[in-house]
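Subject: Structure for your review

Hello,

Here is the structure we discussed. Please look it over; my notes on what was found follow below.

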Amino acid sequence: MNKNNLILYIFILTFGIAAPFIFPAFKVQLSILCILIILALTWNVQGGEMGYNTFGNILFYGLGMYLCASVQVGMFFPLAEWTEGGGEKTFVHTPTQFFQGMAVGLAVAAVAPAIVAGLIGYSILGLRGHYFAICTLGLGVAAGEISGGIEIIGAGQGFTTPPFPNIGSLEARGEFFYFCSFIVLVLTFIAIKAIYSTRFKLVLNAIRDNEDKAEAMGIQTMKYKIIGWMISAFFCGLAGGIMGGLVGYIDSTDVAFDGREMGVFMVLMAILGGKGTLWGPVIGATVFHIFKEGFWTFFLGWQYVALGVLIIVIVIYFPEGIMGWLREKYPERFGEVVDEADRKAQVELK
Amino acid sequence: MDFLIFQVPMLTVQATLDGVLLGILFALIAYGMALQWGVMNIINIAQGDLVILGGYIAYFMYLYGIHPAWGVIVSPIIMYFVGVIIYKLVINKVVDRDLFISILATFGISILFMQLMNFAFGADVVLANSGYGTTMLFDNSVTLPNSKIFSAFISIVFAIGLVIYMKKSKLGRAIRATAQNARAAKILGVDTEKVYAATFGINAALCGVAGALISITFTIHPYMGLPYTIRSFMIVIVAGLGNLPGVAMSGMGLGMFEEFADYILGTEFRIGSVFLLLVLILVYRRFKLSKKREYLK
């Protein structure tokens, strides 16, 4: 890590810690931004580095959301009575109970999806290309439909997560969820940066470029694919758990397994930023979120129309993303050796 | 969860008949998907939304006092042009590219259509009443709406008509040639761009027919598109591209599966079970092929 990078990281970290105090009105938006970046980063492990375009990471996100809330309630009160309606008014979490529940819930929300990813990984990751994409799409929708039929987690009427306890300050709720998501974001970034600097990333790229050849070279591709998916599931589950608490209400198809929104957002953000890069998803998610929050109000009611058009335009005209565009423009910044004469010749050709 | 179906054996007959009639409709949609998948190598996620749009055309005819059965003629004509327009605007830019690009682009179209239909037609579940009445079978223990029989009949007519058209007509030959080898077809003077546009248009027209029939037989709603896409995808991968009897058979099989799942698991798990079945089929085929060290291509 050179000096410039270190300064950049320290700047971002300081900004991240100071942000809720500088922009107190935007705490919820900033937390959502953190969650979106986590989702884009984890999607990029599959879609960008491994070449497995998944629509199914939403499964882990939703699973984490339901598990975190269920554990948080179930640790202290009967879950069935809570979800049957009005439970959140009868049973009140004390602050200790709330934070204890949240901590255990988040741990479960991270570990359980990772285990699920490990269990289904061997079956699902054997599929390739568009079959994998459609299969994971089916998985996400199936999870949404099925969880919408299960009584104990609220079925069709939804699940209210425990309300934040009154601990004096009115600002506490926003700050708590912001720092939760920011810490998870930092952890995700560190973990993903760490695995990208090892042989693991090279294996993932080998799988993307030519899986048969990678296998012929003696790499146990399946093992790496499953581990990659488990890492994604771990952080997706955490993000889901926090998002559940932040939104305060879980609905099976509109909040948790929301393939139409979050499921597409994560793909779109990673592609917008540039898939297959470390910073791409971060930039993509930030740009996307700013665009979304800035313009969504102008498109009031027409958001999905705008979203549909945005997907089509980005996919067709901008598939390399922001990082890809920068790379083409300033290749030497990305560590590529550029021959000056060659470049001049190219400019003349144009 | 109730097991009424085991206590009343006649429900089995009911479910089977319903399933077969429903499955023929699914097969019609799947036929369109197989056609454009085979010719253009594109998986169209917006397939189901085209179906729903076709359904709304018939529904609006019903609202303005025209019998919705005429939608079977009007809807494909309108949908053909919708399909060609979609092709010109979006699909022709993704034809030769990675399949995932086409999946994502058509996903965008699907979201766009869903929302536009939601604005234009409202978020209510609607149906076009054909007033065809019902047929009672086996001492009134099995009820069969005549509209279902009508829709299955029309689907078969359209499917057979299209098969003959593909065999005999000049455009049909051009489409089949392009599907076999687009480059060779181009060299031999086939305007592949036109063929692609026509293929997508025909696919949309088939969706239009199916949609009109669905609006008569069942109900339509702007957000109901994706299950139809998944169903047709499933039918195509079970049957394989270009295997028409297979498409018909697996369509009926899927229809029956759904009806039985509806009775046994309950209506709330119906769509979920369809999606889960897709996952199971893909996983089954993956394991079967991995024994030969191959994978689904």
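In this predicted model, helix α3 (residues 47-63) of chain B packs against helix α5 (residues 99-121) of chain B at an angle of about 20°, and their axes are 10 Å apart. An angle under 35 degrees counts as roughly parallel, and α3(B) and α5(B) are therefore roughly parallel to each other. The crossing of α3(B) past α5(B) is left-handed. On the α3(B) side the contact is made by B:Asp49, B:Ile52, B:Leu53 and B:Tyr56, and on the α5(B) side by B:Ser110, B:Phe113, B:Met114, B:Met117 and B:Phe121. Sorted by class, the residues of this contact are seven nonpolar, one polar and one charged.

Helix α7 (residues 170-180) of chain B and helix α9 (residues 192-217) of chain B pack at an angle of about 105°, with 10 Å between their axes. Angles of 65 to 115 degrees count as roughly perpendicular, so α7(B) and α9(B) are roughly perpendicular to each other. From α7(B), the residues in contact are B:Leu171, B:Ala174, B:Ile175 and B:Thr178; from α9(B), they are B:Thr192, B:Val195, B:Ala198 and B:Thr199. Five of the residues in the contact of α7(B) with α9(B) are nonpolar and three are polar, with no charged ones.

Next, the contact between the chains. Chain B gives 35 residues to it and chain A gives 33 residues. On the side of chain B that touches chain A, the elements giving two or more residues are α5, α10 (225-239) and α12 (270-290) of chain B. The largest share of that side, 14 residues, comes from α5(B). By class, the side of chain B that touches chain A has 28 nonpolar, four polar and three charged residues.

Now the core. The largest nonpolar core has 200 residues, and the members that touch the most others are A:Leu39, A:Ala239 and A:Ile311. Leaving out residues up to four places away in sequence, A:Leu39 touches A:Tyr61, A:Cys236, A:Ala239, A:Met262 and A:Met266. In soluble globular proteins, nonpolar side chains tend to be buried together.

- A:Leu204 lies in helix α9 (residues 199-209) of chain A. A:Leu204 has 26 other C-beta atoms within 10 Å and is therefore buried. Not counting residues up to four places away in sequence, A:Leu204 touches A:Glu49, A:Met50, A:Tyr224 and A:Gly228. A:Leu204 and A:Tyr224 are 20 residues apart in sequence, and their C-alpha atoms are 7.2 Å apart in space.

- B:Val274 is in helix α12 of chain B. B:Val274 is buried because 22 other C-beta atoms lie within 10 Å, the cut-off being 20 or more. The residues that B:Val274 touches, not counting those up to four places away in sequence, are B:Pro227, B:Ile230, B:Arg231 and B:Glu258. B:Val274 and B:Arg293 are 19 residues apart along the chain, with 28 Å between their C-alpha atoms.

- B:Tyr263 belongs to helix α11 (residues 244-265) of chain B. With 21 other C-beta atoms within 10 Å, B:Tyr263 is buried. B:Tyr263 and B:Leu11 are 252 residues apart in sequence but 8.8 Å apart in space, C-alpha to C-alpha.

Regards

How values were computed:
Residues numbered from 1 in each chain as written. Chains lettered and ligands numbered in written order. Predicted model: local features only at pLDDT ≥ 70, side-chain atom pairs only at ≥ 80, totals over all residues. Axes fitted to C-alpha atoms, helices over the stretch in contact; angles between N-to-C directions. Helix = DSSP H or I, 4+ residues; strand = E, 2+ residues; numbered from the N terminus. Parallel < 35°, antiparallel > 145°, perpendicular 65-115°, else oblique. Left-handed = near helix turned anticlockwise from the far one by under 90°. Contact = placed C-beta atoms within 7 Å. Nonpolar A, V, L, I, M, F, W, Y, C, P; charged D, E, K, R; others polar. Core = buried A, V, L, I, M, F, W, Y, C linked by C-beta atoms within 7 Å. Buried ≥ 20, exposed ≤ 12 C-beta atoms within 10 Å, placed from the backbone.
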